[in-house]
Number of protein chains: 2
Amino acid sequence: MAEEVSYHRRHLPEETCVSFSSAQGVIIFKRALRANTMGPYFALAEQFTTQAEPAYCGLATLVMVLNAMAIDPKRVWKGVWRWFSEELLSCCKDIEEVKKEGISLAEFARLARCNGAACDVVSGEDSAVDEFREAVLANATGRHGDRGGPCCEYICCNYDRRALGQTGQGHFSPIAGYDEVEDLVLVLDVARFKYPPHWVRLADLHLAMAERGYALVSPGVDAVGGGGPALGCEGGCLLEGYDREGRRLGGHHKKSCARCGR
Amino acid sequence: MAEEVSYHRRHLPEETCVSFSSAQGVIIFKRALRANTMGPYFALAEQFTTQAEPAYCGLATLVMVLNAMAIDPKRVWKGVWRWFSEELLSCCKDIEEVKKEGISLAEFARLARCNGAACDVVSGEDSAVDEFREAVLANATGRHGDRGGPCCEYICCNYDRRALGQTGQGHFSPIAGYDEVEDLVLVLDVARFKYPPHWVRLADLHLAMAERGYALVSPGVDAVGGGGPALGCEGGCLLEGYDREGRRLGGHHKKSCARCGR
């Protein structure tokens with residue numbers, strides 16, 4: 001009988017991270033709340049989730065923001081309920097492949113668009129720290145121009161954990177708020193079995209995204225209200241097994257997707 | 001082709017519930033935070049989860065508080081990680097039975113004890129509203145006597161949704177905080193596909209528990225620190241397939257549990 005190594009969580013590195021529920025974390029949270037720089041927090045906190053598989057960080061991050069935007073998946077999850085969960089995101093990329101290798105930032109964006117969101121990607125190499133701070137502050141204070149209220153845009157970061165002193169490598173998680181006093185962002189880490197949510201220096205997170213980047217996700221034009229189908233996808237991969245109203249069909253899996261072209 | 005009825009969430013009844021992320025919900029939250037009556041909030045918010053099956057509200061509630069107390073399940077969830085998830089709670093009651101009929105408050109308490117927690121049950125018929133308010137306030141302000149800090153006790157309510165004007169019937173969810181000004185409690189409803197977290201009047205929730213009740217869950221004596229096994233169970237049902245250190249065995253399912261006697 002072989003013994004297997006297993007872990008009950010990991011300690012957050014103290015030099016770079018402050019745990020959300022620690023005394024210091026609560027002080028930062030209250031300060032940022034008073035400063036009105038926690039715009040995305042409430043809708044994201046309602047959807048905070050644990051990635052269901054070790055390579056599902058991208059899917060779990062996308063599930064959080066799709067549900068935070070209240071986008072209707074137009075297909076049933078379980079029972080009578082339409083609801084985004086990772087297993088529903090077997091679309092542009094087969095979920096069995098995702099289980100093995102995860103998703104790239106480009107694949108994250110395609111999946112977001114196929115599921116009713118608009119998504120702009122900023123690659124790490126094109127992003128100066130000041131521009132990232134500007135994007136975070138605009139997001140945190142709800143200044144989204146013509147995009148709507150404070151809960152209508154979410155920043156999803158694709159970064160290298162090593163640059164934050166954490167174990168592991170490529171990871172996805174959304175940002176839930178900003179503390180201007182210490183220049184910190186709140187990362188709702190979806191690998192909750194490993195690390196609790198934590199505050200990190202914005203500059204550290206920016207550096208950690210150098211070879212990856214981040215995505216700005218907001219509701220797609222058809223996602224909220226209106227009479228048309230909520231989903232960006234034109235009825236291809238996304239609506240596998242369902243008609244445009246979300247009712248079940250007996251049909252085959254149609255692999256091509258009109259929006260993303262895969 | 002039969003059409004199937006399905007739902008994308010339900011609207012919260014406005015007479016009885018205030019959504020957590022609504023403008024009014026945020027006002028209440030900030031007020032309660034300033035009043036230091038949100039003791040359990042931070043650790044619970046870190047673990048907020050969606051029940052994986054329509055009848056898993058009790059299991060999901062228990063998973064939230066076990067993880068909030070950082071109890072080590074002493075067995076592997078997925079990959080190398082030990083972590084409480086509903087499928088790990090197939091113990092005193094077979095999870096396939098739970099899937100069909102859910103759990104009672106007594107079964108909830110047994111499962112809690114088998115998984116490293118202490119659990120006191122207060123039945124609805126024995127609970128006056130003033131006593132319930134006292135328990136909530138003590139919990140919200142962290143006055144737990146000899147039980148430890150503010151995150152060391154959680155109130156899990158077993159109630160009838162109909163008394164809150166909600167659709168559905170028996171349900172479980174934990175309480176994350178209290179607003180003394182309007183006498184409201186924050187319910188982190190684990191059926192997130194249906195209702196968002198919400199503030200309800202304490203008296204309404206008390207009434208909704210009349211034929212059920214609530215559980216006070218705290219870490220068991222062996223659950224934190226110390227050299228012994230973290231779990232209350234003596235190696236019976238709980239440790240199915242694992243030795244006392246959480247390592248996998250090839251053994252059979254042992255049905256009897258020394259602690260709960262089932």
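**Reading a buried serine and its surroundings**

Me: At 1% relative accessibility, does A:Ser173 count as buried or exposed?

Reply: Buried, because its relative accessibility is 1%. The cut-offs: buried is under 20% relative accessible area, exposed is over 50%, and partly exposed lies in between, with a 1.4 Å probe and protein chains only. Keep in mind that this is a predicted model, where local features need pLDDT of at least 70, side-chain atom pairs count only at pLDDT 80 or more, and totals for chains, interfaces and linings use all residues. Residues are numbered from 1 along each chain as its sequence is written, chains are lettered from A and ligands numbered from 1 in the order in which they are written, and side-chain values use heavy atoms, leaving out hydrogens and water.

Me: Which strand is A:Ser173 found in?

Reply: Strands (E, at least two residues) and helices (H or I, at least four) are DSSP runs numbered from the N terminus. A:Ser173 sits in strand β6 of chain A, residues 170–179. Chain A as a whole has seven helices and nine strands.

Me: What is A:Ser173 in contact with, neighbours within four places aside?

Reply: Contact means heavy atoms within 4.5 Å. For A:Ser173 the list includes A:Thr61, A:Cys156, A:Tyr159, A:Leu188 and A:Val190.

Me: Where is A:Gln166, and which side chains does it make polar contacts with?

Reply: A polar contact is a pair of N or O atoms within 3.5 Å; within protein, one must be able to donate a hydrogen and the other to accept it, and residues adjacent in sequence count only if both atoms are side-chain atoms. A:Gln166 is in the loop between β5 (154–160) and β6 of chain A. Its side chain makes polar contacts with those of A:Arg161 at 2.7 Å and A:His198 at 3.1 Å. With 4% relative accessibility, A:Gln166 counts as buried. Among its other contacts beyond four places are A:Leu12, A:Pro13 and A:Tyr195.

Me: How many bridges join β6(A) to β7(A)?

Reply: Two strands pair if DSSP finds at least two bridges between them. β6(A) and β7(A) have four and run antiparallel, with A:Gly177 partnered to A:Leu186. Four residues separate the strands of this hairpin, in which A:Asp183 takes a positive phi near 60°. On its other pairing, β7 (residues 184–187) is joined by four bridges to β8(A), again antiparallel, and there A:Leu186 stands opposite A:Trp199. A:Trp199 also faces A:Val18, as β1 (residues 17–19) pairs with β8 (residues 198–201) in the antiparallel sense over three bridges.

Me: Which way do the β7(A) side chains point?

Reply: A:Leu184 and A:Leu186 point one way, A:Val185 and A:Val187 the other, and all are buried. In soluble globular proteins, nonpolar side chains tend to be buried together.

Me: How is chain B laid on chain A?

Reply: Superposition is by least squares on the C-alpha atoms of residues with pLDDT of at least 70 in both copies. Here a turn of 180° with a shift of 0.0 Å along the axis gives an RMSD of 0.0 Å. That's the relation of a two-fold axis. The same surface serves both copies, as 100% of the contact residues of chain B recur in chain A.

Me: Where does pLDDT stay under 50 in chain A?

Reply: pLDDT is the predictor's confidence in each residue, from 0 to 100. In chain A the mean is 84, and 79% of residues reach 70 or more. It stays under 50 over residues 145–150 and over residues 223–262. The model has 80 contacts beyond four places in sequence for residues 223–262.
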